[in-house]
Amino acid sequence: MPISYRLDPHPDDAELRALWQAAWSDAHPASFAPVLARSLVHAGAYDGAALIGYVNVASDGGIHAFLLDTTVHPDYRRQGIATELVALVTSAARARGAGWLHVDYEPHLAGFYRAWGFRHTEAGLIAL
């Protein structure tokens, strides 16, 4: 069965927690509902009914949007799933009024995000 992609699928906590645990070895929050409630758009990749990829775009309520949590199950990586997810949410964020899409990433992902047109910028960060 081919991979299918859905905008704003609102997966339940169990689905997201299972994907998150497989991809990051971390259960993440007890509930993803507050995250999804603040989402401008999110997308899921599915193999049948199984959630195997996810990405979220949060918004400041204006023109700035933030690409977050690009995640693909380890068994499905290197198949273009993250690329398709980013394409879907980038287009949807633009259509929903975002003028800028920001992303933070680790150095080993620079090539992936540069291929999307993200350019390096200076930014500040403080751990809270």
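These legends accompany a set of close-up views of one predicted model.

The model is predicted, so local features need pLDDT of at least 70 and side-chain atom pairs count only at pLDDT 80 or more, while totals for chains, interfaces and linings use all residues. Residues are numbered from 1 along each chain as its sequence is written, and side-chain values use heavy atoms, with hydrogens and water left out.

**View 1. The sheet is open and has five strands, in the order β1-β2-β3-β4-β5.** Strands here are DSSP runs of E with at least two residues, helices are runs of H or I with at least four residues, and both are numbered from the N terminus. Two strands pair if DSSP finds at least two bridges between them, and the pairing in this sheet is mixed. β1 and β5 stand at the edges with a single partner strand each, so one side of each has no neighbour in the sheet. From one strand to the next, the twist averages 20 degrees. As a reminder, strands of a sheet pair through backbone hydrogen bonds, either parallel or antiparallel.

**View 2. Strand β2 (residues 39–47) sits between two antiparallel partners, β1 and β3.** Five bridges join β1 to β2, and eight join β2 to β3. On the β3 side, H42 has N56 as its bridge partner, and S39 has A58. β2 and β3 form a hairpin with two residues between them, and G48 in the turn has a positive phi of about 65 degrees. β2 is also mostly covered, with eight of its nine residues buried; buried means under 20% relative accessible area, exposed means over 50%, and partly exposed is in between, using a 1.4 Å probe and protein chains only.

**View 3. Helices α1 and α3 pack against the strands.** Axes are lines fitted to C-alpha atoms, for helices over the stretch in contact, and angles run from 0 to 180 degrees between N-to-C directions. α1 lies across β2, β3 and β4 (64–72), and runs at about 75 degrees to β4. α3 packs on the sheet and touches β1, β2, β3, β4 and β5, with its direction making about 150 degrees with that of β2.

**View 4. The largest nonpolar core has 21 residues.** Such a core is a set of buried Ala, Val, Leu, Ile, Met, Phe, Trp, Tyr and Cys residues joined through side-chain atoms within 4.5 Å. V57, L67, I81 and V89 touch the most other members. The elements giving two or more residues to this core are β2, β3, β4 and α3, and the largest share, six residues, comes from α3. Contact means heavy atoms within 4.5 Å; leaving aside neighbours within four places in sequence, I81 is in contact with I3, Y5, A45, I52, V72 and Y76. A second, separate core of eight residues includes F32, Y46, L51 and Y54.

**View 5. V55 lies in strand β3 (residues 50–59) and is buried, at 0% relative accessible area.** Beyond its neighbours within four places in sequence, V55 has contacts that include H42, A43, L67, L85 and V89. V55 and V72 are 17 residues apart in sequence, and their C-alpha atoms are 8.8 Å apart in space.

**View 6. The side chains of R96 and D8 meet in a salt bridge.** A salt bridge is a side-chain nitrogen of Lys or Arg within 4 Å of a carboxyl oxygen of Asp or Glu, and by this rule the count comes to one. The N to O distance is 2.8 Å. R96 lies in the loop between α3 (81–95) and β5 (100–103), and D8 in the loop between β1 (3–7) and α1 (13–24), so the pair ties together parts that are 88 residues apart in sequence. R96 is partly exposed at 39% relative accessibility, and D8 is partly exposed at 25%.

**View 7. W20 and W24 form a tilted aromatic pair.** Rings of Phe, Tyr and Trp (its six-membered ring) pair if their centres lie within 6.5 Å; planes under 30 degrees apart count as stacked, over 60 as edge-to-face and the rest as tilted. The centres of the W20 and W24 rings are 6.0 Å apart, and their planes are at 45 degrees. These residues are four apart in helix α1, and thus separated by about one helical turn. W20 is buried at 6% relative accessible area, whereas W24 is partly exposed at 43%. A search of the whole structure finds five aromatic pairs, and ring pairs link Y105, F112, Y113 and F118 into a cluster.
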